[in-house]
Amino acid sequence: MMDDSKQIILALGSNSEQTIGMGKAKTLLMALLGDVRFSKTIRTSPIGIQSDNFLNCMAKANTCMSFSRLNAALKKIEHLCGDTSTYRKENVIKMDIDILQYGTEIRHEKDWSRPYIIELLNELNEESLLIVNY
């Protein structure tokens with residue numbers, strides 16, 4: 001039997017009730033995906049909108065879900081964290097989860113050059129190396 005598991009990298013961000021939303025999103029992601037590694041969380045200035053600072057983190061996991069099923073599940077998690085289209089129109093992001101990598105497919109290419117994404121990805125990759133070495 002072939003393993004059709006794909007590595008995924010997710011970017012999580014929130015600019016409203018950040019700590020509560022991030023905790024809930026992490027719990028829901030672990031329930032959805034099982035073994036998930038999270039980076040530290042950091043605060044960043046908003047990009048492209050007027051709002052409070054964002055709380056961001058990255059997650060790395062593996063999944064056998066199709067891209068469309070994974071994306072739908074992530075949208076449901078955003079909704080469960082209180083995210084709505086009405087809030088988004090007001091630049092209030094309760095939770096945003098973007099799939100930056102799905103298997104070999106790279107998405108949201110502009111995000112990869114953002115300093116906080118680079119910092120958090122480097123942290124995740126270093127932790128992965130530490131896990132392998134122990």
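Guide: Let me begin with a term: a disulfide is counted here when a pair of cysteine sulfur atoms lies within 2.5 Å. A search of the whole structure finds zero disulfides. Cys57 is in none, the nearest cysteine sulfur being that of Cys81, 11 Å away, and Cys81 is likewise in no disulfide.

Before going on, a word on the source: this is a predicted model, in which local features need pLDDT of at least 70 and side-chain atom pairs count only at pLDDT 80 or more, while totals for chains, interfaces and linings use all residues. Residues are numbered from 1 along each chain as its sequence is written, and side-chain values use heavy atoms, with hydrogens and water left out.

The part to look at is strand E4, residues 54–63; helices (H or I, at least four residues) and strands (E, at least two) are DSSP runs, numbered from the N terminus. Nine of the 10 residues of E4 are buried, so the strand is largely enclosed by the rest of the structure. Here buried means under 20% relative accessible area, exposed over 50%, and partly exposed in between, with a 1.4 Å probe and protein chains only. Cys57 counts as buried at 1% relative accessibility, and Cys81 is buried too, with a relative accessible area of 11%.

Now consider the partners of E4, bearing in mind that two strands pair if DSSP finds at least two bridges between them. Strand E1, residues 6–14, runs antiparallel to E4 and is joined to it by nine bridges, and in this pairing Leu12 has Cys57 as its bridge partner. Strand E2, residues 36–38, is also antiparallel to E4, with three bridges between them, and there Val36 stands opposite Ala61. Strand E3 pairs with E4 in the antiparallel sense over three bridges, with Arg43 opposite Leu55.

Between E3 (42–44) and E4 comes a loop that holds Ser45, and this residue is exposed, with a relative accessible area of 53%. Ser45 and Asn15 are 30 residues apart along the chain, and their C-alpha atoms are separated by 9.5 Å.

On a 1 Å grid over the protein atoms alone, a pocket is an open set of points where a 1.4 Å probe fits, with protein on both sides within 12 Å along at least five of seven lines, and lining residues have an atom within 4 Å of a point. Of the 20 lining residues, the closest to the centre are Phe54, Asp96, Asp98, Arg114 and Tyr116. E4 supplies the largest share of the lining, four residues, while E1, E4, strand E5 (96–102) and helix H4 (115–133) each supply at least two. The lining divides into 11 nonpolar, five polar and four charged residues, where Ala, Val, Leu, Ile, Met, Phe, Trp, Tyr, Cys and Pro count as nonpolar, Asp, Glu, Lys and Arg as charged, and the others, Gly among them, as polar.
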